[in-house]
Amino acid sequence: MAATLTLTACASSPIRSGPLRPPPLKLVAYDSCDALLHDLRESAPQTPGPVAPQPPGRVEVPDGTGDAYAAAPAPNGPAHSGTNTYEPDADEPDTVKTDGRRIVTLAGNRLHIIDAASRTLTARLSLPEAQPGSFTGHDGQLLLSGDRALVISSRTLFPPPGVITPRASTPDTMPPRPRVQTILTLVDLPGIPKVVGTMTVNGSYVDARQTGSTIRLVVRSTPSVAVPLSTPQNQPRDPSPPQRPRLDDWLPTATVTAPGVPQKQYQEPCDQVKRPSAPTGGGLLSVLTVDPAKGFADPQPISVLGDGQTVYGNGKTLYVAGSSFGGPGRTHLHRFDVGGSGRPRWVASGVVQGTLLNQYALSEYQGVLRVATTAGDVSGISTFTRRGDRLTQIGRLGGLGRNERLYAVRYLGRIAYAVTFRQVDPLYELDLGDPEHPRSLGELKVDGFSSYLHPTPDGHLIGVGQNVTGRGTPTGTLVSEFDGSTPPRRIASHTEKGRLPSTGMDPHAFLYWPATGLTVIPTQPIGAPSPPGGAVALTIDARGIRPAGFIRQDLVSRAVVVGDTLWTFSDQGALASGLTDLRKRAWLGYA
């Protein structure tokens, strides 16, 4: 395959600057709880129920490792990789975390603790099970803070039989609407790990970011009022009107349970809720604060009447973006100041035309927010600055990939890279140094597409995506290396037929170890007969891309480097391999 099919300089590029500026958005605080309750009822009435306390977790000790609990590992571990995060000062929740001494993994409803030096599984902690009438999914995530782990999971509560939601044309057949809660489980790791507390928050988990020991948790609340089913024909129907939610039912509520300590409940004050000047959703979007080192206390939430699906943070600011309510094609942006460890502070809001791909579509640089969106059949990047309490658009570069979908974005200082795809992959290089006048530096068109872009210390860019046929049918994994020239050049590529990368769906699956250039990409087999499952290992550096080996492990989802060992993880267990030769060193099954 030719590395370069077409190079287009900026002079002939279809990219153009354009206003495309929606009306500005402003948020104001409520001057009374009655006004807040009115707006909440108008958006989507709801009624959550009480939350039962959860029992403490149960510890299981694997056979033959009873003496491994005698002492915690040494405070300073070997060099190790971490979660592949977007910003270095904002750690992201994941299913595997390590401090170089211990590795903590979450698989199913169990927390597994691995001693990295001895390559042994030292403990398993069974987390609290779902209570009757609820369902807890196995999509939990965790964050590590010193000797404590915070597990974040969701629980769905179903209304009791005979209860339905209102507004049904045929209430007798209307199915019940479940209610979602976010469950935070705090675990002490030294010695025999144990659950030291749980916090139950009414609302759906969106995402979280951690800076130091401070964790900012984003949830959205959209509970619903329930009314009884119609009574049998021989009994009169209850003439009383459907119940309406109280303000206490709606504001973010956190219930804390700890062994031997009376249950505590915290609720957000009305003056911490902000209201937009235009509708931004039918619920409540909240940012809460948790410090695992201090245990559970008042999460000090601050809320915006609206919705949000995408979170971007850099340690000082946190942005939450959400599609507008009743106004398709727009995304509302809310900026919070999260510097320090106290209550977050809402500082500004704005609106951008189009929708986001993921958090990588957002970036803050020298006080300017850059946002990549797709509006209709064209994509572009808009720049925003804070003016008072508004995020005001000051520039835009449109015309990226007309009639093509946006697949990947990466910001590197003043430079941005964007990938669109339909039949070929245009990689755009953009100069955002002058935010009021962003400009194109050129584009590169190659076969296939990249769905994730990763920078290297030598100024190169790794693209991970899919090789496709002329009709767009995926045939395997495509890894590309682009240099830092203007316009960019693809200097190397590697394909893996019959396997698709997991990285495109979740960048946390991607591992790049700068010390050696080792790159590990978990893959999923496709086609028939399917090749063995596992992870592709490559060496990527200034000399290009070279195969390093293949790690056979079904359903591998994560890879971590600790010292001289490469660890790969699946729901079935952890595989330890030599960092340089990839030979098997140990297998730790979770069963």
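Strands S23 (residues 310-313) and S24 (residues 317-323) pair in the antiparallel sense, over four bridges. Strands here are DSSP runs of E with at least two residues, numbered from the N terminus. Two strands pair if DSSP finds at least two bridges between them. This is a predicted model, where local features need pLDDT of at least 70, side-chain atom pairs count only at pLDDT 80 or more, and totals for chains, interfaces and linings use all residues. Residues are numbered from 1 along each chain as its sequence is written, and side-chain values use heavy atoms, with hydrogens and water left out.

Back to the hairpin. S23 and S24 have three residues between them. In the turn, Gly315 has a positive phi of about 100°. Across the pair, Tyr312 stands opposite Tyr319 in S24.

Which way do the residues of S23 point? Thr310 and Tyr312 go one way, Val311 and Gly313 the other. All are buried, meaning under 20% relative accessible area with a 1.4 Å probe, protein chains only.

Next, Thr253. Thr253 sits in strand S18 (residues 253-258). Why does Thr253 count as buried? Because its relative accessibility is 13%. The Thr253 side chain also makes a polar contact with the side chain of Gln267, at 3.2 Å. A polar contact is a pair of N or O atoms within 3.5 Å; within protein, one must be able to donate a hydrogen and the other to accept it, and residues adjacent in sequence count only if both atoms are side-chain atoms.

Last, the whole chain. Of its 591 residues, 56% are buried.

How values were computed. Buried < 20%, exposed > 50% of the residue type's maximum accessible area, 1.4 Å probe, protein only.
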